[in-house]
Amino acid sequence: MRGRVLVIGAVVASLVLVGAYLAVGGSSYTPEKTQNPCKPRPWSNPQSLGEIANQFTISALDGAACKLGVSRETLARALATPEGRKRFAEKYGITDAKLAQAIRAGLLRAVDDAEEAGALSPFLAAPLRETLQRIPLQEAIELIQNAKSLLGNVQSFLGPASGIIEQFLP
Amino acid sequence: MLVSFNLVMALAAVPAALLARRVGPGRAAAVGLAIFAGAGLACGLADSLSTLIVARCVQALGGAAAVTAALELLPATVGSERRATTIWAAAGATGAALGPAIGGLLTELVSWQSIFLLQVPAALLAAVPILSVAKHEAATGVIEPELRRTGRPHVWANLALAMVSAAIAAALFLLVLLLIEGWRLSPIEAAIVVSVMPLAALVGAKLSELVADARSRAAAGAILVSGGLAGLAFLPKATVALTVPPQILVGVGLSLVLSALTETALGGRAPQAIHGGWTISARHAGVVIGLLALTPIFTHDIAQQRHDAINAGTAVILDSPVNPLLKIDLAEKVSERLEEERGKVPTIGPAFEPLPSDPVTRAEVEQLRGELQDQLNRGATHAFSTSFILAALLALIALFPIALAREVEL
């Protein structure tokens with residue numbers, strides 16, 4: 001009889017422990033899944049030119065990553081350091097030219113996303129799109145030398161239009 | 001190294017027991033302890049991994065001789081064969097639970113070499129009382145012929161022992177790895193955390209005294225080990241406190257199941273040393289199988305989870321409200337940390353130093369650091385889940401041979 005009590009006690013203790021851990025999220029304690037870059041990502045509500053540039057860069061990363069078939073996060077890490085870019089190029093067989101083309105496509109997607117989110121007026125979106133499509137490949141390659149220059153370029157690209165953009169800010 | 005020691009123990013236990021029967025347990029134990037001490041010294045002074053592995057294998061040979069011969073010597077000391085079996089089985093269970101805690105403490109407080117160097121005086125001290133028995137055996141010479149007869153080993157009990165040992169090895173080995181490699185605890189902190197298991201094993205030993213039926217104790221123990229391992233597989237947070245309840249279950253369980261199965265395997269069988277040898281062999285073979293089966297799974301999972309955690313961490317940085325230029329600075333520093341600690345779960349704290357002086361930015365950066373660390377902790381913890389689940393299943397499957405294992409009077 002004591003033996004049976006011991007076995008039942010062991011079953012109960014085990015079930016209580018596992019049940020309690022599962023109830024408080026034991027099965028979902030995993031790293032967050034990254035989003036497919038080809039799916040639209042909702043824009044936050046940008047309050048300044050800097051925030052627009054940030055949002056714009058993230059959209060551009062999504063667009064470029066979608067074009068290259070990698071995650072936004074992988075691409076962001078590739079652009080974080082020159083070594084990262086080299087490793088990325090080796091691992092995925094992506095040349096600088098291909099990467100620059102993808103970044104250009106990403107920037108176009110960013111204009112689309114900004115326009116759709118109401119952060120950019122259609123009157124501004126059209127000339128921006130035109131300018132982006134005319135960026136020479138070599139300049140686009142220089143744009144991706146590192147993430148800081150990419151962000152700087154986005155800001156300088158948006159800079160001349162800042163007066164108009166700010167009028168459209170919420 | 002862990003595999004080689006256990007493999008040699010598994011292979012040498014029964015031959016060592018046969019040898020002990022031929023030359024006498026006193027002489028076998030004395031020689032075994034001397035070999036164990038000498039090889040321990042060689043381990044402590046080893047200047048290369050290959051030397052250390054060879055010395056550990058030799059140590060396993062000495063250990064096999066000493067442990068199996070001890071079972072023959074114990075009845076004379078404790079008064080009865082049954083009592084000797086109980087003590088011998090309980091010592092084995094307690095030793096299994098104590099190993100990681102003592103090893104971690106010595107590694108941190110002194111050095112890893114000290115683990116082996118301390119074994120030298122311990123083994124020599126243990127040999128002192130045996131010397132008189134050995135001398136007596138040398139004087140009288142031949143062992144009674146009828147004592148050389150051996151019965152069949154208890155297949156079900158030994159099979160269950162192997163399965164449960166594989167699961168327990170996973171619990172001990174993987175938990176220490178999770179704490180040190182995954183959660184970045186120091187060896188001494190990890191040793192303190194895993195000391196819960198030997199303490200719980202003491203409770204298990206007390207419970208063993210209250211229940212006579214070995215099969216019930218073995219079943220309850222296997223269930224507790226399985227439940228504890230499942231608890232470790234479903235940790236809801238990377239917090240040391242949450243490892244305590246599963247460790248209690250594993251500790252109590254291992255004490256119950258190892259001693260009950262060893263008693264069952266030895267019950268009514270003669271000679272004890274040889275059947276003890278079979279149990280040692282089964283236990284260490286189980287450890288080898290457990291380590292060999294689970295290590296590739298765990299290695300694959302940790303690489304996968306590291307990748308997922310780094311992706312999730314990158315997403316956290318990208319989506320954070322921190323100023324974009326500061327964000328890029330942080331991303332570069334975090335990338336450097338990942339480079340420096342390639343293949344490991346990185347410590348990202350230094351990437352955030354020095355913190356910005358502006359209170360708002362500082363708060364944002366601290367939040368970002370916390371979220372990033374959370375993603376890494378999630379990855380590190382989840383990387384062990386599959387291995388813990390498989391080990392838990394192994395302990396549950398052991399219930400089948402346990403159900404078939406009866407104590408047979410031969």
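Predicted model: local features only at pLDDT ≥ 70, side-chain atom pairs only at ≥ 80, totals over all residues.
Colleague: How are α9(B) and α11(B) set relative to each other, in one word?
Modeller: In chain B, the axes of helix α9, residues 196–210, and helix α11, residues 244–266, come within 7 Å and cross at roughly 45°. An angle under 35 degrees would count as roughly parallel and one of 65 to 115 as roughly perpendicular. The two helices α9(B) and α11(B) are therefore oblique.

Colleague: How many residues of the contact of α9(B) with α11(B) are charged?
Modeller: On the side of α9(B), the contact includes B:Val196, B:Met197, B:Leu199 and B:Val203, while α11(B) brings, among others, B:Val244, B:Ile248, B:Gly251 and B:Leu254. When the residues of this contact are divided by kind, 16 are nonpolar and seven are polar, and the number that are charged is no residues at all, that is, no charged.

Colleague: How do α10(B) and α11(B) run relative to each other?
Modeller: The axes of α10(B) and α11(B) come within 7 Å and cross at roughly 150°. Since angles over 145 degrees count as roughly antiparallel, the relation of α10(B) to α11(B) is therefore roughly antiparallel.

Colleague: How many charged residues are in the contact of α10(B) with α11(B)?
Modeller: In this pair, α10(B) passes α11(B) in a left-handed crossing. The residues of the contact divide into 18 nonpolar and seven polar, and the charged ones number two.

Colleague: How far apart are the end C-alpha atoms of α11(B), which has 23 residues?
Modeller: The expected span of a helix is 1.5 Å times one less than its number of residues, so for the 23 residues of α11(B) it comes to 33 Å. The model agrees with this, because the distance between the end C-alpha atoms of α11(B) is 33 Å.

Colleague: How many residues of α11(B) are buried, and which residue just after the helix takes a positive phi?
Modeller: Helix α11(B) is mostly covered, with 21 of its 23 residues buried. Just after this helix, a positive phi of about 70° is taken by B:Gly268.

Colleague: Why does B:Leu261 count as buried?
Modeller: B:Leu261 has its place in helix α11 of chain B. Leaving aside residues up to four places away in sequence, B:Leu261 touches B:Ala157, B:Ala160, B:Leu161, B:Val164 and B:Ala218. A residue is buried if 20 or more other C-beta atoms lie within 10 Å of its own, and B:Leu261 counts as buried because its C-beta neighbours inside 10 Å number 36.

Colleague: How many of the 28 residues of α7(B) are buried?
Modeller: Helix α7 of chain B, residues 155–182, reaches 38 Å from its first C-alpha to its last, close to the 40 Å expected at 1.5 Å a residue. The helix is mostly covered, and of its 28 residues the number buried is 23.

Colleague: Does B:Arg184 count as buried or partly exposed?
Modeller: B:Arg184 lies in the loop between α7 and α8 of chain B, and it has a positive phi of about 60° although it is not a glycine. A buried residue needs 20 or more C-beta neighbours, whereas B:Arg184 has 19 inside 10 Å and therefore counts as partly exposed.

Colleague: Which helix gives the most to the side of chain B that touches chain A?
Modeller: The contact between the chains takes 40 residues from chain B and 38 residues from chain A. Several helices of chain B each supply at least two residues of that side, including α9, α11 and α12. With 10 residues, the helix that gives the most is α10(B).

Colleague: What share of the 410 residues of chain B counts as buried?
Modeller: Chain B has 16 helices and zero strands, and its C-alpha trace spans about 85 × 45 × 30 Å along its principal axes. Of its 410 residues, the share that counts as buried is 54%.

Colleague: And what share of the 170 residues of chain A counts as buried?
Modeller: Chain A has nine helices and zero strands. Among its 170 residues, the buried share is 38%.

Note on methods:
Residues numbered from 1 in each chain as written. Chains lettered and ligands numbered in written order. Axes fitted to C-alpha atoms, helices over the stretch in contact; angles between N-to-C directions. Helix = DSSP H or I, 4+ residues; strand = E, 2+ residues; numbered from the N terminus. Contact = placed C-beta atoms within 7 Å. Nonpolar A, V, L, I, M, F, W, Y, C, P; charged D, E, K, R; others polar. Buried ≥ 20, exposed ≤ 12 C-beta atoms within 10 Å, placed from the backbone. Left-handed = near helix turned anticlockwise from the far one by under 90°.
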